[in-house]
Amino acid sequence: MISAHSAAAVRAAEEPLLAARRPLMATAAFALATRVAAALRREGYRVSGSIVLLLVGGGNNGGDALFAGAHLARRGCLVHAALLGRAHAGGLAAATAAGVQVHDLTEDDDPAGAVLELAGWSGVWVDALVGIGARGALREPLARVVEALAEERAENPGGAIVVAVDVPSGIGVDDGTLPGPVLPADVTVTMGAPKPGLLLPPAADLAGRVEVADVGLDALDDAVPAVCRLTGDDVTALWPVPGPGDHKYTRGVLGLVAGSQTYPGAAVLAAAGALRTGLGMVRYLGPEVPTALVHQRFPEVVAVPGRVQAWVLGPGVGPEPSVRSEEVGEALAAALAAHRPVVLDAGALALLGETFTDLPATVVLTPHAGELAALLTARGEETSREDVEDAPARHARLAAEITGATVLLKGATTVVAAPDGPLYAQAEATGWLATAGAGDVLAGMVGALLAGYGDLLSGELHGALPSDGAGLPARLAAAAALVHGRAARTAAGLTGEATAGGAGAPVTAMDVAAAVPAALRALLG
Ligand SMILES: NC(=O)C1=CN([C@@H]2O[C@H](COP(=O)(O)OP(=O)(O)OC[C@H]3O[C@@H](n4cnc5c(N)ncnc54)[C@H](OP(=O)(O)O)[C@@H]3O)[C@@H](O)[C@H]2O)[C@@H](O)CC1
Ligand SMILES: Nc1ncnc2c1ncn2[C@@H]1O[C@H](COP(=O)(O)OP(=O)(O)O)[C@@H](O)[C@H]1O
Ligand SMILES: [K+]
C-alpha cells in the first residue's frame, strides 16, 4: 500500500528528529541530487556537464534545492539558482561555495523573463518554490514565473526535465486541489512520505513519477495515513478465494435490483461485473424484459427472492420517480433492517435526498461527479459537477460525512471516502474505461466483494467487527476499483501496470467485465 501523510503529520514526525539534531535537510538534499542525476541518466544524458536550474523559494523547500545544487555542482553539473524569495542561508552558502551561479531575482522587474532565459538553456528545472509550507495559490511573482514556465513546457514538451521538490509548488498539499498555477513535473521527489496531493486528483496528475526519499520519519510507520493507494498485493490479501469447505452460500449471494424497461442492459452489466468478480450466486429481481436479457446472457442467475449477503441497488433505474425506484426504496429499507451491506448506484442515489438520511458505512454509494453534485445539492450543499471535479476528495468526504455511507467517487482516479479513516485513491484505469455501462459493471463488482464479506460486515452494524475490520467497506470498494481499472487495461490490450506505455484499443463495458478474471489471475496467481 502507498500511504500519504498530511503536511501536519509530516511536520510532527520531523519534530523529534530535528530536536535531536538529525540532519534531515542534508539527507533530503542528497536524495534529491541523486534523483536528479538518475532522471538525467534515464533520459540518456551525462550528469557531468548538464545544466541545472534551481527555482528557489523562501523556505526550507528552497533550502533542499540549494544543498542538492551544491552536490550536483560537485558532480560536474553547471548549476544556476534563481532566487525568488529570501533564500535559506545555509543552503545558499553551501551552493555558493560549490560554484552554483546565484541569480537574485527578488528585486528584479521581470523575474518571469529572467527565469525563462535561464530555463531556455537548462536541461533540468528543479521546482523548489514552495513545499508543504504552501498556503493557498502561489502569490506574485511566483505565480507569473510558474505560468511562464508551464507555458514554455507545454509548447516544448520534449524540453527540460522538471523535478519537483517534495510537491509541485502550489498544489493543495493535503487535498489535491489546484488553487492556482502549477508547473507540471516529470518527477516529484517527496521527502519522508508521499503527501495526499500526490495521490489525489487533480493535483496528482501534475506530479509525474513520484519517488520517495527516505529521511527516516519512522513515526509515520504507526500513523494512520490520510490517503492510501492499494497495490496488487493488498488486493491479493483481501480477495475472497474459496477453500474446500466453501459452498455457494458461504461464498456470498448478491441481491441485484437493477435495470428497467428503459435501461434493461444495466442489469446484465451489473450481473456480469458481480459474476466475474467471483461469488456464490446472483439473485436478480426485476421486470420481465431485463430478466429475460440477464438469463439470455447468464443462465446461472436466480430470479427469485431469497437469502442474500449483500445488495446492489439502482443501476439502470431512472433517477426520475417510477415503480422501479419505489422497489429500490423498499429493497434498501429491507437491506438496512437486515443489517446487510448495500451498493447504491445511479438511480438509487436519488433516494438519498430526503429519506435514508443516516446510513451506516456498510452502504457504499458509487456516484460519478455529476451524481455526487446532485446528491450534495439535494442535501442542502449547493454543488456543481465542476466543484466536485476541482476537489474530488473534499466532496467525497463531505458526502460520506453527511450520509454516514462510504462514497466511491468514479473518475480517471477513483476516490473512496468513509465518514472517517483514510481516503483511498486508485488510478489504474485507462481513458477507454470512460464508456457507458462501465459504472454498472463496477457496481456489480463492489457488490460481489461486499457479499463475500457479507456476514462480517453485517456484524459491523452490531459493533462486532474485529478491530482490523474498521474501514473495510472503503477498502473493499477501493480493491474493486483497482481490479476494474486493471480489467479495463487488460481488455484494451495494455499491461496490468498503470505506468506502462501504449495507447491500447477501445473496450466495451462487457469487455471490461469479461477481462476481470484475467486481471484477477494476474493478482491471485
Ligand atoms: N523542516 C526540515 O528541516 C525539513 C524540511 N524539508 C523541506 O522543507 C519544506 C517545508 O519547508 P517550510 O516549512 O519552510 O515551507 P516551504 O514549503 O518552503 O514554504 C514556505 C515558503 O513559501 C512561501 N509561501 C507559502 N505559501 C506561498 C504562496 N501561496 N505563494 C508564495 N509563497 C508562499 C513562504 O513565504 P511567506 O508566506 O512566509 O512569506 C515561505 O517562504 C518541505 O516541503 C521539504 O521540502 C525537508 O528538507 C525535510 C527537512
Ligand atoms: N478519463 C477516465 N479515465 C479512466 N477511467 C475513467 C475515466 N472517466 C471515467 N472513468 C471510469 O469509467 C467508469 C464510468 O462509469 P459511469 O460514468 O458510472 O458510467 P455508466 O453510468 O454509463 O456505467 C467509472 O468506473 C470511472 O471511474
Ligand atoms: K516544490
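Helices H2 and H3 pack with their axes 8 Å apart, at an angle of about 60 degrees (axes are lines fitted to C-alpha atoms over the stretch in contact, and angles run from 0 to 180 degrees between N-to-C directions). Welcome to a predicted model, in which local features need pLDDT of at least 70, side-chain atom pairs count only at pLDDT 80 or more, and totals for chains, interfaces and linings use all residues. Residues are numbered from 1 along each chain as its sequence is written, while chains are lettered from A and ligands numbered from 1 in the order in which they are written.

**The helix pair**

**Around ligand 1**

- Of the 27 residues around ligand 1 (C-beta atom, placed from the backbone, within 6 Å), Gly 58, Gly 59, Asn 60, Gly 131 and Gly 133 come nearest.
- Helices H1 (7–19), H2 (24–42) and H3 (60–74) are the elements giving two or more residues to this shell (helices are DSSP runs, H or I, of at least four residues, numbered from the N terminus).

**Around ligand 2**

- Lys 410, Ala 412, Ala 429, Ala 434 and Gly 439 come nearest among the 17 residues around ligand 2.
- Helix H15 (residues 438–452) gives the most to this shell, with four residues.
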